[in-house]
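Welcome, and thanks for taking a look at this one with me. Below are some notes on its inner spaces and its packing, to read alongside the model.

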Amino acid sequence: MRRSHRVLAPAVPVALLLPLATACGGEDGKNGAGGPSKTVTVTVGYQSKTINTVTAGTLLRSLGYFEEELAARGKREGVTYKVDWQDYATGAPITAQMTAGKIDIGSMGDFPLLINAARGKELKQPTRLVSVTGYNLRGGLNTVVTAPDSTLESLAGLRGKKVSTSVGSAADGTLVRALQRAGIDPEKGIQKLNQQPSVGASALQAGSVDALSQFVAWPGQLAYEGRAKPLYDGAELNLPTFHGVTVRQRFATERPGVLDDFLKAQQRATDHLRAKPVAAAESVAKETGLPAEVVYLYNGANGIATFDPALRPELIAALKEDVPVLKAAKLVQDVDVDAFVDPEPLKRAAGTAYPKAAAPRAELWLKGQDSTRSFDSPRELLKAAKAAGDGVRAAYVPDAVTGTLWYADKAVWVAEGTELRAFVAPSTAKAYAGQHAGARIIGHAEAVALATAS
C-alpha cells in the first residue's frame, strides 16, 4: 500500500477557529500563539492501476484539485486539512478500512461497491455511493484473456480448465455471466482460482492457469506486452459496468462540505481528462508505471471507458442486476441499492448531467504528438498508419460489433468485400464471418495490404 500526506495550512486568525471534530487520522494541536489549532485528515482509498477510477484517484491526486478545494475551505474555517491517499490493488481492502472507520472516501468497481454496501450495513458503518468515475454501457471494461499461444478460441473451451479471477470483482461477475450464457456452470464447470490480478497474470504466463478474467487495465496491459490475447470481450454481455465513489455515511453527515469539495475536484479532474486525454494518459502512466498506450486505450478520447460522475439511471439499474450474482456466490445476503445510492451530494456539488457517450472511432497516436487523429473507418486508419511508418505510437480500432476499442495490430480482422472490420476476440469475428457470405478472417498484415491497395 502506498500512502501520501498533503497538508494545507490555515490562513485565518485563531479567533475564527470553528469547533470541528477531526476526521479519521486527524489530530488536535497548538498554534504558534499558544491557542488550539485544528488539523483534519481526510483519508482517501483508491486503486492507482484500476485506471478508470483515475478521476477520483491517480489523476485527481496528481492534479492536486482536492487539496486546492480543501485549502480554500481551510482558509475560510481556520482549519488545516490534510489528505492521506492510500493506494490498493482492489476494492476489498478499501472496504475493510472503511468499515473500520479508517478510510473516509473510496473508489471501486460495481461488484465491490455492493459488497461495500453490505459490509457497511452489517458492521454498522454504513456507506453511500455518491458518484461514478468511468463506465462502459456494454461491459467492455472486463475481458477474459488466454496465453498468446493458447489454442482456445471460445468460452466453450474453458470447460474443466483452470481460470484465474478475483472473486467478488466486476471481472468475476463478467466471467460468471459469460460462462452461464455459454452453458457452463461457473462454479462446477471450471476450476476457478481466486487470485489478485498480478498473481493471476503471473499464473497465466507460467502456464498454471488456462485463462484470466480481469478488469481494466490488466487485459489491455497483458495484450500490449504480448503476454496474453483476448478470448472474450466483456462487452458481448451488453450489460453496463462501472466504477464509483463511496463514502462513509458518518463522514458525509459530519463533513458534507468536505465531500462536496471532493466531488467538485472529481468533476474538475474529469473535465481535465476530457480536454487533454493524451496529457492525462501520460500523467497516469508516469504515476502508475503502466504504458501510456495502455492507459489511453481505456481513458482516451474514444477509449473503452467513458468518464462522467453522474449516477446514470442505467448504471444504477445494472447495479441492481448484479446483486443476484453476488448472492448466488454467497458474498452478500442482500443489498438495498436504492438506499445505498445517494445522488444529493453530487447534485449539490456539481449538478447532474447525462452526456451521451460518443460513438467509438478508430484513432491514431503518432510519436511526439500531444493529440491524436480519429478516422471514420478502420481502412482509413490502416492507410494512415502505413503512411506514418515508424512514426506510429499506437493505433486503435473499435470492435465492429461491441464497439470496444482495441489495438489495431492485435485485433482479429475480417474482410467483407471492400470493407475491413476489426474484432477484439476470435469468437466474435468467427460469428460475424459465419453470418455474412463472403466474409473471411485475415491477419493484420493482409488487412493493411488491402487497405492500402487502392
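1. A word on classes before we start: Ala, Val, Leu, Ile, Met, Phe, Trp, Tyr, Cys and Pro count as nonpolar, Asp, Glu, Lys and Arg as charged, and the others, Gly among them, as polar. By that scheme, the lining of the second largest pocket has 7 nonpolar, 12 polar and 1 charged residues.

2. This is a predicted model, in which local features need pLDDT of at least 70 and side-chain atom pairs count only at pLDDT 80 or more, while totals for chains, interfaces and linings use all residues. Residues are numbered from 1 along each chain as its sequence is written, and side-chain values use heavy atoms, with hydrogens and water left out.

3. Let us stay with that pocket (on a 1 Å grid over the protein atoms alone, an open set of points with protein on both sides within 12 Å along at least five of seven lines; lining residues have an atom within 4 Å of a point). The second largest pocket has a volume of about 310 Å³, where volume is the space filled by probe spheres set on the points, joined across faces, edges and corners. Its lining comprises 20 residues, and Thr90, Ala92, Val167, Gly168 and Ser169 lie nearest its centre. Two or more lining residues come from each of α3 (92–99) and α4, with α4 giving the most, 3 residues. Helices here are DSSP runs (H or I, at least four residues) and strands likewise (E, at least two), numbered from the N terminus.

4. Next, look for a cavity, a set of points where a 1.4 Å probe fits but cannot get out. The structure holds 1 cavity of 30 Å³ or more, and about 90 Å³ of space lies in the largest cavity. Around the largest cavity are 15 lining residues, with Thr174, Arg177, Leu239, Pro240 and Thr241 nearest its centre. Both α4 (110–122) and α5 (170–181) give two or more residues to this lining, and α5 gives the most, with 4 residues. By class, the lining divides into 5 nonpolar, 6 polar and 4 charged residues.

5. Which residues have the most contacts inside the largest nonpolar core? They are Ile51, Leu297, Tyr298 and Tyr396, in a core of 30 residues. Such a core joins buried Ala, Val, Leu, Ile, Met, Phe, Trp, Tyr and Cys residues through side-chain atoms within 4.5 Å, buried being under 20% relative accessible area (1.4 Å probe, protein chains only). α11 (292–299) is among the elements giving two or more residues to this core, and α11 gives the most, with 6 residues.

Note on methods
Buried means under 20% relative accessible area, exposed over 50%, partly exposed in between (1.4 Å probe, protein chains only).
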